[in-house]
Amino acid sequence: MRKFVILGGGYGGLALIQGLLNNHFPQDMELILIDRMPFQGIKTEYYALAAGTASDYDLRIQFPNHPQLTKKYGEVTSIDLEGKRVHLEGDDPIEYDYLTIALGCTDRYHGIPGADQFTNSIQTFSSTRQTYQRLNDVKPYGNVHIIGGGLSGVETAAELRESRPDLNITILDRGSRVLSSFPQTVSLYVEQWFMDHEVNTRSHISVCRLEDGIVYNGDEAIYTDAAVWTGGIQPVKVVQDLNVPKDPGGRVVVNTYSQIPDYPEVYVVGDCASIPFAPSAQAAGAQARQVADVIHALWKGETPKIHKIHLRGTLGSLGSKAGFGLMGKTSVKGRVPRLLKSGVLWKSRRHFG
């Protein structure tokens, strides 16, 4: 029995499983999903878990059941590309004939001393649970700082304001405005929402080090009761440790078929792959569906047809009643993008996304 191993049951991993099993998966092959958790965590909503507006249970999606799908739970510690095996913490290695790496991302601290030790993360289910505990233990009128004014930082700050109106919340951003990757009209709308809801934003902040309860902006000491890191991401350590070509962001360089060129039996999907899109759940899912088509074509002895990936856009929330987004080149603001995001979440919970 040949083995097709998928590392990671996130958006990319599940989309690939769906694409493979829904289209004549070979009978002589076992599909093995390896994940640290017995369910998919809806990572795009971890900010709500951290803020306390969504429960742990709300953000779980059960993995699919299929006669040819085996689910194994454990922590991947390393990948032996030459020996074609995956090493798991406290368990026997798993050999593979085909492998897909879809392990997602972790925080990138840019070498800032103390950042990993004195900030809270929303990159894993476990770390987000701890962040929820930390934020909600802050006493009334305490100071919370969100380091990074991108999508995750903005959503975390807004959701925390809805959950804890008593806190002093500040976003510290190194750019000139929050959401620098969005059009300026969107940034201005979000800045106004923050002003109306008493969330502070500080631009041109250069965080150089952290200590317990202190964020340093150069020589300025910013005192904090809790700091949340949303200042950058990179592939997980298992991927960082792979001795293969990578782009400046640490993502694995892949060919047209999303394979590692020197190891064509290995595919890389989502945040770990060097593709021409910013890391996102939507990009991971779209790439995974493309990879499923490639694999089926190769198994049939055909030349795969690579269909261009088209992303629908990006949506963000400002609490439960407002939102923002970019659909193609069109900026959307207000109630509609928040409703659209709720609809996308509803679909993903039911495996329609």
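This is a predicted model: local features need pLDDT of at least 70, side-chain atom pairs count only at pLDDT 80 or more; totals for chains, interfaces and linings use all residues.
Residues are numbered from 1 along each chain as its sequence is written, and side-chain values use heavy atoms, with hydrogens and water left out.

Most residues other than glycine have a negative phi. Ser-258, although not a glycine, has a positive phi of about 70°; Ser-258 is found in the loop between α7 (237–240) and β19 (259–260). Helices (H or I, at least four residues) and strands (E, at least two) are DSSP runs, numbered from the N terminus. Lys-84 is likewise not a glycine and has a positive phi, of about 55°. The loop that holds Lys-84 runs between β6 (76–80) and β7 (85–88). With 34% relative accessibility, Lys-84 counts as partly exposed.

The next element is a sheet. Strands β14, β15 and β16 form an open sheet in that order, with antiparallel pairing (two strands pair if DSSP finds at least two bridges between them). Because β14 (207–211) and β16 (220–223) stand at the edges with a single partner strand each, one side of each is left without a neighbour in the sheet. Between β14 and β15 (residues 214–217) there are 4 bridges, and Glu-211 has Ile-214 in β15 as its bridge partner.

Aromatic rings make further contacts. Rings of Phe, Tyr and Trp (its six-membered ring) pair if their centres lie within 6.5 Å; planes under 30 degrees apart count as stacked, over 60 as edge-to-face and the rest as tilted. By this rule there are 9 aromatic pairs. In one of them, the ring centres of Phe-25 and Trp-299 are 5.8 Å apart and the planes stand at 65°, so the pair is edge-to-face. Phe-25 lies in the loop between α1 (11–21) and β2 (29–35) and Trp-299 in helix α8 (residues 281–299), so the pair ties together parts that are 274 residues apart in sequence. Phe-25 is buried, at 5% relative accessible area, whereas Trp-299 is partly exposed, at 24%. Phe-25 and Trp-299 also belong to one aromatic cluster with Phe-4 and Tyr-98.

Conventions:
Buried means under 20% relative accessible area, exposed over 50%, partly exposed in between (1.4 Å probe, protein chains only).
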